[in-house]
Amino acid sequence: MDTLSKEQRHFVMSQIKSCDTKPEVAVRSYLHKLGFRFRKNDKRLIGKPDIYFPRYYAVIFVNGCFWHGHDSCKKVRIPKTNTEYWASKIQRNKERDKEEVKALLEEGFRVGVVWECSITGKNRAKKIRELSENVALWLEEGFDQNYKEF
């Protein structure tokens, strides 16, 4: 049983952003400080990646652990109300993500996925800095890795 009315639930869900989320902005900001130039949410690419590096022919998705069903993550917990709906929604998201990554790899892109849990919590600034430095190494030197999760 949902504790909110249909209108209240609609309002709450409408406030959830699909782009320019805090983790996404934080990663982009630090990568920009490191000197990387990119496009954000390029509609011309499959899946509309969060960050697109034309120079490196690489894309980065910054995924929320709940919405994208990050395996073995503490943040992934199916809500106790309407569990059937949420389980199928998250499963559809995971399948769509796999299809998009596969299509991008087939087009010759390198694909990186940053998980929300890797840059949140205690020492957030340090985690973002270290993650951004790892992404920078992957972009500049990791040409043998077409797919990488951070």
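**Aromatic pairs and cysteines in a predicted model**

Phe36, Phe38, Phe53 and Tyr56 form one aromatic cluster in this predicted model.

User: How many aromatic pairs are there, and what describes a pair of aromatic rings?

Analyst: A pair of aromatic rings is described by the distance of the centres and the angle of the planes. The count here comes to ten aromatic pairs. In one of them, the ring centres of Phe36 and Tyr56 are 5.8 Å apart and the planes stand at 55°, so the pair is tilted. This pair links distant parts of the chain, 20 residues apart: Phe36 is in the loop between helix H2 (22-33) and strand S1 (39-40), and Tyr56 is in the loop between strand S2 (51-53) and strand S3 (58-63). Phe36 and Tyr56 are both buried.

User: Why is the pair of Trp138 and Phe150 edge-to-face?

Analyst: Planes over 60 degrees apart count as edge-to-face. For Trp138 and Phe150 the planes are at 75°, with the centres 5.8 Å apart, so the pair is edge-to-face. Trp138 belongs to helix H5 (residues 124-141), while Phe150 lies in the segment after strand S5 (147-149), twelve residues apart. Trp138 and Phe150 are buried.

User: Which residue lies over the face of Trp138?

Analyst: Arg110 does, at 4.8 Å from the ring centre.

User: How many disulfides does a search of the whole structure find?

Analyst: The search finds zero disulfides. The sulfur of Cys73 is the nearest cysteine sulfur to Cys65, 3.6 Å away, whereas a disulfide requires sulfur atoms within 2.5 Å. Cys65 counts as buried because its relative accessibility is 0%. Cys73, likewise in no disulfide, counts as buried at 13% relative accessibility.

Methods
Residues numbered from 1 in each chain as written. Predicted model: local features only at pLDDT ≥ 70, side-chain atom pairs only at ≥ 80, totals over all residues. Heavy atoms only, no water. Phe/Tyr/Trp six-rings, centres within 6.5 Å; stacked < 30°, edge-to-face > 60°. Helix = DSSP H or I, 4+ residues; strand = E, 2+ residues; numbered from the N terminus. Buried < 20%, exposed > 50% of the residue type's maximum accessible area, 1.4 Å probe, protein only. Lys NZ or Arg CZ within 6 Å of the ring centre and 35° of its normal.
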